[in-house]
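Hi,

Here is the structure I promised to pass on. Please look it over, then read my notes below.

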Amino acid sequence: SEGEVRMLMVKDKLHVIIHKKPESGLSAVGGMSKYSYFNPGSAEYADLERKFLGEDIPQLQKALGIEGEPLPLLWT
C-alpha cells in the first residue's frame, strides 16, 4: 500500500512496526500523514518482518563491515 513502513528497533529487538501513510495522496515525507502501529508478529507485516530481521539486517551488517558487532541502541 501507499506510504512508508518503519521497524523501530532497540538494538536487535523489534519493538513496533509503524506505517506512515499520506492523507493527501502525496509523499509520506512532509505534509499530513496517518500513522498506524503494529506489534511484532502482526500478520499484516509478517513477511516483511521475517525478511528484514532474517536477511536484510545481516546483509546490512556485512555491507557496513560490522558483522558480529552490536546494533545501534535505537534505530529504524
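One term before the findings: a residue counts as buried under 20% relative accessible area, exposed over 50%, and partly exposed in between. Val10 has a relative accessible area of 31%, so Val10 is partly exposed. Keep in mind that this is a predicted model.

The sheet
Four strands form an open sheet. Their order is β3-β2-β1-β4, and the pairing is antiparallel. The edges are β3 (33-38) and β4 (74-75). Each has a single partner strand, so one side of each is left without a neighbour in the sheet. In general, strands of a sheet pair through backbone hydrogen bonds.

His19
His19 sits in strand β2, which spans residues 13-22. Opposite His19 in β2 stands Val5. Is His19 buried or exposed? Its relative accessibility is 8%, so His19 is buried; the cut-off is under 20%. The side chain of His19 also has a polar contact with the side chain of Tyr45, at 3.1 Å.

Val10 and the patch
Val10 belongs to strand β1, residues 4-10. Which residues make the nonpolar surface patch? They are Val10, Leu73 and Leu74, and the patch covers about 290 Å². Patch residues need over 30% relative accessible area.

Best regards

Key
Residues are numbered from 1 along each chain as its sequence is written. This is a predicted model: local features need pLDDT of at least 70, side-chain atom pairs count only at pLDDT 80 or more; totals for chains, interfaces and linings use all residues. Side-chain values use heavy atoms; hydrogens and water are left out. Helices (H or I, at least four residues) and strands (E, at least two) are DSSP runs, numbered from the N terminus. Buried means under 20% relative accessible area, exposed over 50%, partly exposed in between (1.4 Å probe, protein chains only). A polar contact is a pair of N or O atoms within 3.5 Å; within protein, one must be able to donate a hydrogen and the other to accept it, and residues adjacent in sequence count only if both atoms are side-chain atoms. Patches are made of residues with over 30% relative accessible area and no salt bridge: like charges are joined within 9 Å, nonpolar side chains (Val, Leu, Ile, Met, Phe, Trp, Tyr) within 5 Å. Accessible areas come from the Shrake-Rupley method with a 1.4 Å probe; for residues, only the protein chains shown count as cover. A salt bridge is a side-chain nitrogen of Lys or Arg within 4 Å of a carboxyl oxygen of Asp or Glu. Two strands pair if DSSP finds at least two bridges between them.
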